[in-house]
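Visitor: I have a structure open here and would like to go through it with you. Could we begin with one of the sheets?

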Amino acid sequence: MDQDQLHILLQKYMAGSASQEEAQSLHDWYRSAAADDVVWVVDGPEELDTVRRRMLERLQREAFGTTEAFGAPGQHGRTVRMRILFSAAAAVLLTLVGVAYFRHTHRPPMAPAPVLASDVLPGGNKATLILGSGQAVTLDSTDKGLLATQGGITVQQSGKGQLVYGGVSDGSVMAYNTILTPNGGTYTVRLSDGSRVWLNAGSSLKYPVRFTGGPRVVDLTGEAYFEVAPAAGSFSVRCLGQTVEVLGTHFNVNAYTNEAYIRTTLLEGKVRVKNPAGSAVLEPGEQSRVGANGDVHIARGIDTAEVMAWKNGMFQFDDADIGTVMRQIGRWYDVDVVYQGRLPDDHFRGKIPRNVNASQALQILATGGIDFTIQGKKIYLK
């Protein structure tokens, strides 16, 4: 099929007007299509999102929405076939999402299909909370309810990967809590002043259970996005010898020890970034970059969507080298990356959903000429 025929068939399928033969043709086309054919199926992220949603909804209704009981006389073969069809179509959509948006800058030939010894599931909402008493509490996205009370301040888990601090302090305790996300984990904290903090994988945040009206100070390692509530007292984030002073704002701090720079990106309001070597005030859309020598450099016109992609469930790269890509992959899937041979110096741009298995994310990388193998908790690239 050419592109026009494919668009027409896809629109009919989404609208529910495609015949059984036309639907089968769509799946037959995918099974025989080259990756370059798949790239041009959709035009832009809006159409891609619509295709994913509508096709998956329709396929699920077709596969599982029948009123006949599974295994009923005369229906078993049809039910099994529809379940297989749904699985195949889901693979179509994953490839559409990945290949259409993870395009190598120079579009080299496809790498050979990788041989998978194992696979790795994506990360999710999980963390560990260290209370003021030193007690460690395991957090996930399923449990909810009261975890602890510290000096009148309650700590509750909402069941959606979020901690919430509330209540009225009795003044008897000035305790600090620490939340730690492992590689492959994210979590959200709503502090007692109403500020919200989203933690990326492999990060930690230390903060007081209650703020006393003076300066509000928290300590960060790793990466977090902050939405600071207006309240009495200034708000500061300390990380790796740098301090971010907040003037009422939304911002992201990337302070991993294995990155070349500490990056602070401002989305709204103002912040002041300072360390012993210098300081700078950021405007929205600007990013400070602090290297090993402590010098503060300002980059303007930052693509904030790329910076915030992790919070929105995506990997997003714009002219990123393979090291940058794989550091993010390694943290999210909690794997070690082993490089074999000299990898290309080319850069990548595009998007990958963070809710797919490691093999699916890496197959998209393969379109850029990167071959890979997964063995246990290690990814080998060559």
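Visitor: In what order do the strands of the open sheet of three run?
Guide: In this predicted model, the order is β21-β24-β23, and the pairing is mixed.

Visitor: Which strands are at the edges?
Guide: β21, residues 336-339, and β23, residues 372-375, are the edge strands, and each of them pairs on one side only.

Visitor: And by how many degrees are neighbouring strands turned against each other?
Guide: On average the angle between neighbouring strands of this sheet is 20 degrees, with direction ignored.

Visitor: Parallel or antiparallel for β21 and β24?
Guide: They pair in the parallel sense, over four bridges, with β24 covering residues 378-381. At residue level, Asp 336 has Lys 378 in β24 as its bridge partner.

Visitor: Which residues are closest to its centre?
Guide: Those are Asn 254, Arg 263, Glu 306, Thr 324 and Gln 328, out of 31 residues that line the pocket.

Visitor: How many of the lining residues are nonpolar, polar and charged?
Guide: The lining has twelve charged, ten nonpolar and nine polar residues.

Visitor: Now β8 and β9. What do they form?
Guide: They form a hairpin with five residues between the strands, and Gly 194 in the turn has a positive phi of about 95 degrees. β8 (residues 185-190) and β9 (residues 196-199) run antiparallel and are joined by four bridges. Within that pairing, Tyr 187 has Leu 199 of β9 as its bridge partner.

Visitor: Which strand do four bridges join to β9 besides that?
Guide: Strand β11, residues 216-227, is also joined to β9 by four bridges, and these two run antiparallel. Leu 199 has Ala 224 as its bridge partner in β11.

Visitor: Last topic, confidence. What is the average pLDDT of the chain?
Guide: The protein chain averages 78, and 72% of the residues score at least 70. Residues 34-43 have a pLDDT below 50, and this stretch makes 29 contacts in the model beyond near neighbours in sequence.

Visitor: What about residues 63-88?
Guide: There the pLDDT stays under 50 as well, and the model has 21 contacts for them beyond four places in sequence. Where pLDDT is low, predicted coordinates should not be read in detail.

Key: Residues are numbered from 1 along each chain as its sequence is written. This is a predicted model: local features need pLDDT of at least 70, side-chain atom pairs count only at pLDDT 80 or more; totals for chains, interfaces and linings use all residues. Side-chain values use heavy atoms; hydrogens and water are left out. pLDDT is the predictor's confidence in each residue, from 0 to 100. Contact means heavy atoms within 4.5 Å. Two strands pair if DSSP finds at least two bridges between them. Axes are lines fitted to C-alpha atoms, for helices over the stretch in contact, and angles run from 0 to 180 degrees between N-to-C directions. On a 1 Å grid over the protein atoms alone, a cavity is a set of points where a 1.4 Å probe fits but cannot get out, and a pocket is an open set with protein on both sides within 12 Å along at least five of seven lines; lining residues have an atom within 4 Å of a point. Ala, Val, Leu, Ile, Met, Phe, Trp, Tyr, Cys and Pro count as nonpolar, Asp, Glu, Lys and Arg as charged, and the others, Gly among them, as polar.
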